[in-house]
Amino acid sequence: MSPALLSRAAWLVAILTNSAWHLASQPTAAEGLLLAVTVGPMLLPLPGLWALRRRTLGWAPLTLSPAMTIALTELIANPEERWIAAAAAFSCFLALAGVVAALRRAPRPDRAPGLGGPGAQ
């Protein structure tokens, strides 16, 4: 399986896991806010991830940080939701690893010589 396909699948699993976690509990304003804060940012890089844009692959992992932070906090502090928080944290970690693997395999653009670099006159 290619790293590109794995990164896309892992990203979708992270979105679905976090969505299911926050939609499965009592619908309150706090849960709605948590859903928006965790899943909302993960939706932003989807077009670039599908197109395998190197630039998007570089900043996409930053959008995982709210979901990972909330999942790790709940994993430590909330025994009732420990199993789903662990699943959400693990899926976010897999999404991060998938994006890093796809970024390593993405073709690098040709670089123009910079000021003072090799090839500069």
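User: How are α5 and α6 oriented to each other, roughly antiparallel or roughly parallel?
Analyst: Happy to take that one. In this predicted model, the axes of α5 and helix α6 (residues 82-105) lie 8 Å apart and pack at an angle of about 150°. Angles over 145 degrees count as roughly antiparallel, so the two helices are roughly antiparallel.

User: Which residues of α6 meet α5, and how do the residues of that contact divide by class?
Analyst: From α5, the contact takes in Ala-67, Met-68, Ala-71, Leu-72, Glu-74, Leu-75 and Ile-76. Their partners in α6 are Arg-82, Ala-85, Ala-86, Ala-88, Ala-89, Cys-92 and Phe-93. By class, the contact has 12 nonpolar, no polar and two charged residues.

User: What is the orientation of α2 to α5?
Analyst: Helix α2 (residues 29-43) and helix α5 (residues 65-77) have axes that come within 7 Å and cross at roughly 140°. That angle makes α2 oblique to α5.

User: Which residues of α5 make the contact with α2?
Analyst: On the α2 side, the contact is made by Leu-34, Val-37, Thr-38, Pro-41 and Met-42. By class, this contact has seven nonpolar, one polar and no charged residues. The α5 side consists of Pro-66, Ala-67 and Ile-70.

Terms used. Residues are numbered from 1 along each chain as its sequence is written. This is a predicted model: local features need pLDDT of at least 70, side-chain atom pairs count only at pLDDT 80 or more; totals for chains, interfaces and linings use all residues. Side-chain values use heavy atoms; hydrogens and water are left out. Axes are lines fitted to C-alpha atoms, for helices over the stretch in contact, and angles run from 0 to 180 degrees between N-to-C directions. Helices (H or I, at least four residues) and strands (E, at least two) are DSSP runs, numbered from the N terminus. Angles under 35 degrees count as roughly parallel, over 145 as roughly antiparallel, 65 to 115 as roughly perpendicular and the rest as oblique. Contact means heavy atoms within 4.5 Å. Ala, Val, Leu, Ile, Met, Phe, Trp, Tyr, Cys and Pro count as nonpolar, Asp, Glu, Lys and Arg as charged, and the others, Gly among them, as polar.
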